[in-house]
Each structure stands twice: as structure tokens, then as C-alpha cells.
Amino acid sequence: MTAQLEADILAAVEGAGDAAALEAVRVSALGKSGSISDLLKSLGGMSPDERRERGPQINGLRDRVQAAIAARKQVLEAAELDAKLAAEKVDLTLPAPPRRKGSVHPTMQVMDEMIAVFAEMGFSVAEGPDIETDFNNFTALNFPPKHPAREMHDTFFLPEDANGERKVLRTHTSPVQVRVMHAVNEKLPSWIANGQEPPIRVIVPGRTFRKDSDQTHTPMFHQIEGLVIDKAIHMGHLKWTLETFLSRYFETPEVVTRFRPHHFPFTEPSAEMDVQCDRSGGEVKIGQGTDWLEILGCGMVHPNVLRNCGLDPDVWQGFAFGCGVDRLGVLKYGMPDLRDMFASDVRWLEHYGFSPYAAPNQASGLS
């Protein structure tokens with residue numbers, strides 16, 4: 001009986017085609033209600049003489065079946081691994097599929113280049129929120145109550161809060177000037193200005209928002225604002241700073257500029273700065289030619305702005321300037337349409353993108 005049972009179990013073990021079938025054989029033989037387990041349980045009802053005779057037979061059967069199951073399991077696992085490796089085999093003679101490469105967006109590249117230039121000139125970087133109060137965005141910067149920039153057709157207003165105040169998506173980075181000067185005046189530790197006394201020399205890169213969209217304007221764009229506050233500051237300091245920046249940014253010593261009178265509520269006197277260029281051939285080339293291109297706005301900080309920020313205009317003077325990061329990128333790298341910078345076209349990004357391993361610096365070059 002034991003010999004026949006062993007033969008049947010070993011045949012079933014050998015015939016198991018996979019791990020699940022082998023497990024079923026093991027349970028039927030060695031499980032709680034298995035055939036060999038039943039034999040082991042019967043030893044308790046035998047006489048001592050029968051137990052001495054049958055015990056070694058049944059225990060030997062159990063050991064041989066366990067060894068057969070273990071051996072068959074190894075065979076099945078090896079066969080399963082071989083089948084898996086064969087199914088996942090890679091033909092190394094085939095060409096690799098094309099893989100998209102990440103790159104630095106031109107806007108971020110240009111912003112890093114501008115920061116690198118101004119950092120070498122002694123400017124630190126300040127930042128502020130995209131959503132601003134009306135006071136910081138307009139009132140503190142000397143905008144009159146009925147100024148067109150306060151109207152819905154020009155500015156993105158948020159719904160009124162519980163106090164009836166409407167915050168705005170900032171229309172320029174100038175509100176950070178207010179935050180910096182307030183932090184300095186109050187002598188408080190600040191994540192913007194670190195609570196330092198004047199002189200102040202900061203640049204403010206960031207996103208801004210206006211209701212405008214065409215080939216040279218987008219509803220969301222990027223600016224860099226500059227602010228210098230010190231004693232005895234004048235327009236000559238402003239002109240030198242901007243000409244030095246343009247020369248280093250466009251990487252040419254031949255930069256010729258001119259100031260044209262303009263009006264900004266937060267500066268007095270105010271000016272727009274033009275740079276000499278060549279417009280022939282459908283391109284704009286800075287540092288050559290006899291044409292002129294308006295490139296940024298600037299001026300001396302208005303006394304009212306200084307007063308609004310708690311600084312005495314009879315003691316402190318300063319200048320401010322602002323320019324579009326995206327527009328300077330278009331000029332330097334020859335992009336035909338500003339809107340393409342925000343279109344998320346992978347082909348455009350592959351063409352105009354920059355290597356993430358080549359950080360702009362003055363030593364090895366900006367671009």
C-alpha cells in the first residue's frame with residue numbers, strides 16, 4: 001500500500017507542469033488532510049510493535065516525497081526564469097529608439113544670464129509674491145486713483161476678499177521695491193531684504209501679468225526690476241549701470257544708447273532707453289548699425305515713492321529700471337515670435353533650449 005501511494009505521488013510530482021500544480025500535489029500529500037499526513041496520524045493508534053515497523057516506512061515516505069517536490073520546484077523555477085528571459089530578450093543589433101532630451105527654457109536661461117551680470121556688479125536678488133495688494137502694486141508707487149492701469153481692461157483683478165479689498169496679479173515687479181524699502185525702513189528681519197540699512201542694490205526677477213497679447217506681448221511674461229538706493233545717486237550712475245549690463249549681456253563692447261524723456265508714476269525724471277542696432281536682413285543686431293530700438297524703461301525713484309516707503313527723499317535718492325526678460329531673449333537669440341516661448345512646443349524647445357550643464361557665468365561666458 002505504501003509503495004503504491006509513493007509511486008502515485010511521485011508520478012503526480014513529475015507531471016506537475018507549473019508551480020501551482022506542484023503546490024496542489026504537495027497539499028494533497030502533505031497537507032493537514034493529505035494522504036501521508038493521515039498515515040502519520042494513524043501511528044498513534046498502533047501497538048508498539050506495529051509502530052516500530054510502520055513508523056520508519058511512513059517517515060521515509062514523507063521524506064522522499066518532500067525531496068521530490070523540492071527538486072521538481074527547482075526545475076520549474078529554472079524553466080520559468082528561462083522563459084521570462086527569452087520573452088524579454090533585447091536585440092542589441094537594433095538601433096535605439098529616439099529619446100527626447102530635457103533642456104533649459106530660454107526664459108530661464110536669459111534670466112540666469114541677467115542675474116549673473118548684475119551679481120558681478122554687486123546686486124542681490126529679491127523676490128515677491130505674484131498676487132499683490134493694491135497698495136504695493138499701485139498706491140505706494142505713486143499711481144493716481146484714476147490711472148488707466150487700475151482699470152479692468154489692463155489688469156487682472158481678483159474677487160473682493162472679506163474686507164472688500166481686491167488684490168491683483170502684479171502688473172510689474174516694482175511692488176518688490178516697496179517691500180524691500182519697507183523692510184529696510186522697519187529694520188525687521190525679512191526674507192526679501194534681510195533687514196539691512198541702505199544702501200540698497202537689488203534686482204527683482206519674476207512673472208508679471210497684463211491683459212495684452214500679440215507678437216511682442218503675452219498676458220503672462222517675465223521682468224527684471226532693478227533698484228538702487230543710496231546718497232548722492234544720479235542719472236549718470238543709472239546710465240553707466242544699464243550700458244554696462246547691455247554690453248555684457250549682448251557680449252559686445254560696441255553698445256551705444258540714448259535716453260528719451262518718458263513718464264512713469266514711480267520715477268521722476270523718467271526715461272526710455274534706446275540701444276543702437278542694425279535691423280537689416282530681418283534680424284536685430286545689437287552693437288552695430290544706425291537704427292534705434294527701445295529696450296527698457298528707467299528713471300530716478302520718485303520722492304513720493306520714497307516717502308510712501310518711509311525713507312526721507314532729502315537724505316536718500318535712487319534709480320530704478322525694468323526690462324522684459326522674454327523680449328531680451330528674443331533679441332539675443334533671434335526668436336521671431338514672443339508667444340512661442342509659452343506654447344509648450346517640444347520641437348521649439350529642442351531647437352532653442354539650453355544645456356542644463358552650462359550655467360551662465362562671467363568666466364566661461366553667458367550664452
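Q: How many salt bridges does the structure hold?
A: The structure holds 15 salt bridges, a salt bridge being a side-chain nitrogen of Lys or Arg within 4 Å of a carboxyl oxygen of Asp or Glu. This is a predicted model, in which local features need pLDDT of at least 70 and side-chain atom pairs count only at pLDDT 80 or more, while totals for chains, interfaces and linings use all residues. Residues are numbered from 1 along each chain as its sequence is written, and side-chain values use heavy atoms, with hydrogens and water left out.

Q: Ok, which residue forms a salt bridge with Lys-332?
A: Glu-113 does, and the closest N and O atoms are 2.8 Å apart. Lys-332 lies in helix α10 and Glu-113 in helix α5 (residues 106-120), so the pair ties together parts that are 219 residues apart in sequence. Helices (H or I, at least four residues) and strands (E, at least two) are DSSP runs, numbered from the N terminus.

Q: Is Glu-113 buried or exposed?
A: Glu-113 is buried, with a relative accessible area of 0%. Lys-332 counts as buried too, at 19% relative accessibility. Buried means under 20% relative accessible area, exposed over 50%, and partly exposed in between (1.4 Å probe, protein chains only).

Q: And what does Asp-274 form a salt bridge with?
A: With Arg-258, the closest N and O atoms being 3.0 Å apart. Asp-274 is in strand β7 and Arg-258 in strand β6, 16 residues apart, and the pair links distant parts of the chain. Asp-274 is buried at 2% relative accessible area, whereas Arg-258 is partly exposed at 34%.

Q: What about Asp-345, which residue is its salt-bridge partner?
A: Arg-347, with the closest N and O atoms 3.0 Å apart. Asp-345 counts as partly exposed at 26% relative accessibility, and Arg-347 is exposed, with a relative accessible area of 62%.

Q: Which residues do salt bridges that share partners join into one network?
A: Arg-258, Arg-260, Glu-272 and Asp-274.

Q: Switching topic: how many residues are in the largest nonpolar core?
A: The largest nonpolar core has 34 residues, of which Met-114, Phe-118, Phe-245, Phe-250, Ile-295 and Leu-328 touch the most other members. A nonpolar core is a set of buried Ala, Val, Leu, Ile, Met, Phe, Trp, Tyr and Cys residues joined through side-chain atoms within 4.5 Å. Elements that each supply at least two residues of this core include α5, α8 (235-249), β9 and α10.

Q: What is Phe-118 in contact with?
A: Leaving aside its neighbours within four places in sequence, Phe-118 is in contact with Phe-123, Ile-203, Ile-224, Thr-241, Phe-245 and Phe-321. Contact means heavy atoms within 4.5 Å.

Q: Which residues does the second, separate core include?
A: That core has 25 residues, including Phe-157, Leu-227, Leu-306 and Trp-316.

Q: What counts as a pocket, and what is its volume?
A: On a 1 Å grid over the protein atoms alone, a pocket is an open set of points where a 1.4 Å probe fits, with protein on both sides within 12 Å along at least five of seven lines, and lining residues have an atom within 4 Å of a point. Grid points are joined across faces, edges and corners, and a volume is the space filled by probe spheres set on the points.

Q: How do the lining residues of the largest pocket divide?
A: Into 15 nonpolar, 15 polar and 8 charged. Ala, Val, Leu, Ile, Met, Phe, Trp, Tyr, Cys and Pro count as nonpolar, Asp, Glu, Lys and Arg as charged, and the others, Gly among them, as polar.

Q: And which element gives the most to the lining of the second largest pocket?
A: α10, with 5 residues. About 540 Å³ of space lies in the second largest pocket, and its 20 lining residues include Val-284, Val-330, Leu-331, Gly-334 and Met-335, which lie nearest its centre.

Q: Last one: where is Asp-278?
A: Asp-278 is in strand β7 and counts as buried at 15% relative accessibility. Asp-278 and Gln-288 are 10 residues apart in sequence and 5.6 Å apart in space, C-alpha to C-alpha.
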